Amino acid sequence: MSVLVGRATKVVVQGITGRDGSFHTRGMLDYGTKVVAGVTPGKGGDKVHSVPVFDSVEEAVAKTGANCSVIYVPAALAQDAIYEAVDSGIPLVVCISEGIPVRDMVEVSAYTRGRQVRLVGPNCPGLISPGSCKVGIMPGTIVKPGKVGVVSRSGTLTYEVVWQLTRAGLGQSTCIGIGGDPIVGTRFADMLALYQQDPGTEAIVLIGEIGGSDEEDAALLIRRAISKPVVAFIAGQTAPPGKRMGHAGAIVSGGSGTAQEKMARLQEAGIPVAKTPSEIPGLIAAALRPRRKSKLKLVRAKAKKPAPATRRRGR
Amino acid sequence: MNLHEYQSKGIFRAAGIPVPPGDVVSNVEDALAAAERFGYPVVVKAQVLVGGRGKAGGVKVVRGGEELSREAGRILGMELRGLKVNRVLITPSAEIAREYYAGIVLDRRNESPLLMVSPAGGIDIEEVARAGPEKILRIPIDGRGLPGYRARAAARFLDKDPAVQKRIVPILIRLVRAYHDQDASLAEINPLAVTKDGLVLALDAKIVLDDNALDRHPDLAAMRDLSAEDPGEIEARERGLSYVKLDGTIGCVVNGAGLAMATMDLIQFHGGKPANFLDIGGSSNPDKVEAAMHILTGDPRVRAVLFNIFGGITRCDDVARGLLLALDRLNVRIPIVIRLTGTNEKEAREILGERGLMALSDMDEAVRAVIARAAEAA
């Protein structure tokens, strides 16, 4: 079992004729993903790795029934690509493109609010449900089907953790990178809620980093509504304040968004926080053992009463 | 990208926000000439990209030429929190009655800009938020910008005098517009001053621009002050790397920002001190690896370098080739520890093995090894 993507997912690739789009289309096809269409304006009628190319997403959806879009267009064109996917009625839009101006994403956020669409990213590696479907750029070789849901703001750090889980025999239901930008379509809390509902997910790994308050919001939600065990890791404990650490959203500003603060909030919610990535498989294995699980619940019940929820809009 | 006060004031002035006149000078003669034109007293303000310039002695009111020569001479060339002062702003000293705060930032939780105003001006807004949150009025900004009625409410929150309120309203509307038009991630007036004759002026200004939007603002991109940056950070940007210098001894070259942060953390966890954050990105262009080594070997504090590569899209053999290229072209005298795993790991090991280099596959093991090598090299 999996969340968001699986065997029923039919993918349209926006920007399929570009270098990245074409390369990763090959990767998705090799993994077994049903890539049914590509879109590059002006290149309708072409084929890329035998996938038909259309001039518009609307046409691609009408002719192929695509129900998921993955975007590889340059940053300056990404906002338009997202709008096109949303307006074509695609329910899941995954934006890989990196370097999109924040103002463009503020506008996208206002537009998608209240609409029936889930945006993943931008500036993310996408998602993979091991054994059935990969949308984006995650390497298919490191995952293995199983019961652990992985959600992360990072790319390669996610691969590192997933690889360690796989080597420890802990397979995954779905792994998702939600993106390293200040504004992303899907946040930790959204993914936790999805994993909670998914019968195929029994434990969750949350990989956060400095900047923003998404991890703190996730901690509040876990206390209130997540009964499955969660193990967390936060990157950036040694990051100096005021400096952007690669990801546009990874910055400690005005003393807020520190790793220490995030770790404290998660621990207060009864969540084990790994000190190093290599501790994660052990903590997950322990959480999956029935006896240990009840102990974890006890800790969580003892944790302080949750503060009033500052949950964002539901989608 | 952070802008200097004088650059930020230029943007505010162009947006129609009242800003006192000022000249940016880099020597005492020009400072004296500017002061003559404005008339004493004037304020000498160091133009460096750090906060707390006043407390650090970088801002001074002077009443005459002799005092100006002395103070401008002292401030020009001084080190302010590690940054050399190359320029000062000379501006007439205003007679202040009251000081307020007005600033706009990105509210990540609500995914929209947020205007904040406070009657407690002249101090850090974070301090106000801690000590007296009720002293801050927060106005979320949507696609409409700042509607007049909300600007009037904000002005009433700040000042009792209707004549002053009337002057504050257009300033707030223009501040919000400038933030939007320039793709800023922060635009701040602190203090927003009311003078003794009831005028309202932006006495200090701070703008931070969204790096991702600089492509559509070539005029703003040209304002970048290279003298204010670490040479390694400049080189990194030019070569397409993401690099932040720290003060430790263990250099690291990593693919991916999250893994790079986790690597720094792990170095500290095992008892070392990271010298930098460095992300060579998803591609595995050998030139980038060479550029990374060039930057790290240029930092005299670096005693050993750790390569931590998780091959996904990045191919380990490409990184290995880049490393050999760097070793051929650069005079590298410090130990290097390599950790590779993932795509084309085997090929990478063969390439490195031919040159007598060994790669580890476990991250913790590699971090412990590089700390040991750095200690031997010390």
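Modeller: What follows starts with the contact between the chains and then turns to a helix and some backbone details.

This is a predicted model, with an ipTM of 0.92 and a pTM of 0.92. For chain B the mean pLDDT is 93, and 99% of its residues reach 70 or more.

In the contact between the chains, 42 residues of chain B meet 45 residues of chain A. On the chain B side, at least two residues each come from strand S8 (112-118), strand S13 (242-245), helix H9 (257-269), strand S15 (276-279) and helix H13 (363-377). H9(B) gives the largest share of that side, eleven residues. By kind, the residues on the chain B side are 18 nonpolar, 13 polar and eleven charged.

Chain B also carries an annotation: an unreviewed UniProt entry places the feature "domain: ATP-grasp" at residues 9-240. Over residues 9-240, chain B is 34% helix and 28% strand, and the end C-alpha atoms lie 31 Å apart.

Now to a helix of chain A. In helix H8 (residues 259-268) of chain A, the residues A:Ala259, A:Lys262, A:Met263, A:Arg265 and A:Leu266 are buried. Seen down the axis of H8(A), these buried residues fall within an arc of 165°, so they line one face of the helix. They pack against three elements of chain A, namely strand S12 (203-209), helix H7 (214-225) and strand S13 (230-235). After H8(A) comes A:Gly270, with a positive phi near 80°.

Some backbone details remain. Most residues other than glycine have a negative phi, and most peptide bonds are trans.

B:Glu111 has a positive phi, near 55°, and is placed in the loop between strand S7 (96-107) and S8 of chain B. B:Glu111 counts as buried because it has 23 C-beta neighbours inside 10 Å, where 20 or more are required. A:Ser50 also has a positive phi, near 70°. Its place is the loop between strand S3 (47-48) and strand S4 (51-54) of chain A. A:Ser50 counts as exposed because it has 8 C-beta neighbours inside 10 Å, and the limit for exposed is 12 or fewer.

A cis peptide bond links A:Gly121 to A:Pro122, with omega about 15°; A:Pro122 sits in the loop between strand S7 (118-120) and strand S8 (126-129) of chain A. In chain B, a cis peptide bond links B:Asn190 to B:Pro191, with omega about 10°, and B:Pro191 belongs to strand S10 (residues 184-195).

Technical notes: Residues numbered from 1 in each chain as written. Chains lettered and ligands numbered in written order. Predicted model: local features only at pLDDT ≥ 70, side-chain atom pairs only at ≥ 80, totals over all residues. pLDDT = per-residue confidence, 0-100. UniProt positions renumbered as here; feature names shortened; annotations may be inferred. Helix = DSSP H or I, 4+ residues; strand = E, 2+ residues; numbered from the N terminus. Contact = placed C-beta atoms within 7 Å. Nonpolar A, V, L, I, M, F, W, Y, C, P; charged D, E, K, R; others polar. Arc of directions from axis to C-beta.
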